[in-house]
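Here's a quick tour for anyone meeting this structure for the first time. Have a look at it, then read on.

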Amino acid sequence: MTLELEPPAALELFGDRIGVARAFAANLAEQGEERGLIGPLELPRLWSRHILNCAIVAPLLRPGVVGDVGSGAGLPGLVLAIARPDVSFVLIEPMERRVAWLNEQVAELGLDNVSVVRARAEEARLEEPLDQVTARAVSAFRKLLPLTAPLLRDGGELVLMKGAAAPAEVEAAGKEIRKYKVHDIEVLTLGEGVLSEVTRVIRASVR
Ligand SMILES: C[S@@+](CC[C@H](N)C(=O)[O-])C[C@H]1O[C@@H](n2cnc3c(N)ncnc32)[C@H](O)[C@@H]1O
C-alpha cells in the first residue's frame, strides 16, 4: 500500500516546519506497521487521518509545558511538537517499544522541545505540573479524566482529541467532572473546510 500524497493543507498547517513533518511522515510510513505503531490500512490516509488531524490542534496550545498521555506513534505529541517549537512537550507512554520509537524520532528529527517519560499516566512522576494535557484514542472522557486531570496545575487545561461521540462522552462523565473539578467544558470541531475529516476536541479547565 502506498503513502497518501501530501494534502495541500499540510504546508498551511506546518509552515516552515513542513520539512520536519515530512521526515516524520516518511519514518512512520516506512516503519509504523512493522513496529506495531499504526494499522496496515493507515498508510493511504497517514497524512489526512493522522498527521493533519493532529496538527489542526496546534493553535489551541499555549507557550508552556504540554503533556501528551498515551502518545503511541507520536500522535498527537510529536506532530504538535513539530508544529509548535515554542511549546515544551512531555510524552507519557508506558509501552517500551513505543517509548523507544518516540526517543528515536526526537533525536532524528532534532526536536529539542520534547522529553519522553515511560510510565502509565496515573503513575507518572513529572518534574512540574503541566499547563495543558492532550490525548488521542486512549479512552473515553470518563476514564481519561483520572489519567489526565491530576497532571495539570491549578487552572490547567485539557485538550482531548475525540470522535463524533464527544458530546455523549461529556454527558456520561458527570461524576468524574465533579470529582476532578472540571469546568468550562466545550466540544470544538476543527478543520472544517481544511481537512477531509474534521477533528473534535473536548477542551476544559481543571480546578
Ligand atoms: C490506541 S493507542 C493511541 C496512540 C496515539 N495516541 C494515537 O492516537 O495513535 C493508546 C495508547 O495509550 C497508551 N496507554 C494506555 N493506557 C495508558 C495509561 N494509563 N497511561 C498512559 N498511556 C496509556 C497505550 O500504550 C497506547 O500507546
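Let's start in the middle: the largest nonpolar core has 60 residues, and those with the most contacts inside it are Ile51, Ala55, Val79, Leu80, Ile82, Leu158 and Leu160. A nonpolar core here is a set of buried Ala, Val, Leu, Ile, Met, Phe, Trp, Tyr and Cys residues joined through C-beta atoms within 7 Å. In soluble globular proteins, nonpolar side chains tend to be buried together.

Keep in mind that this is a predicted model: local features need pLDDT of at least 70, side-chain atom pairs count only at pLDDT 80 or more, and totals for chains, interfaces and linings use all residues. Residues are numbered from 1 along each chain as its sequence is written.

**In and around the core**
- Leu158 is in contact (C-beta atoms, placed from the backbone, within 7 Å) with Val133, Thr148, Ala149, Ile202, Arg203, Ala204 and Val206, leaving aside neighbours within four places in sequence.
- Leu52 sits in helix 3 (residues 46-55); helices (H or I, at least four residues) and strands (E, at least two) are DSSP runs, numbered from the N terminus.
- Leu52 counts as buried because it has 27 C-beta neighbours inside 10 Å; the cut-offs are 20 or more other C-beta atoms within 10 Å for buried, 12 or fewer for exposed, and partly exposed in between, with C-beta atoms placed from the backbone.
- Not counting residues up to four places away in sequence, Leu52 touches Pro7, Ala9, Ala10, Leu13, Trp47 and Leu195.

**One face of helix 6**
- Helix 6 (residues 141-148) has Phe141, Leu144, Leu145 and Thr148 as its buried residues.
- Down the axis of helix 6, these buried residues fall within an arc of 110°, so they line one face; the arc is that of the directions from the helix axis to the C-beta atoms.

**Around the ligand**
- The ligand is surrounded by 18 residues, the closest being Gly70, Gly72, Leu75, Ala121 and Arg136; a residue is near if its C-beta atom, placed from the backbone, lies within 6 Å.
- UniProt (unreviewed entry) places "binding site" at Gly70, Leu75, Ala121, Glu122 and Arg136, though annotations may be inferred rather than shown by experiment.
- Gly70 lies in the loop between strand 1 (65-69) and helix 4 (77-83), and is buried, with 23 other C-beta atoms within 10 Å.
- Glu122 is in the loop between strand 3 (114-117) and strand 4 (130-136), and counts as exposed, with 12 C-beta neighbours inside 10 Å.

Note on methods: Contact = placed C-beta atoms within 7 Å.
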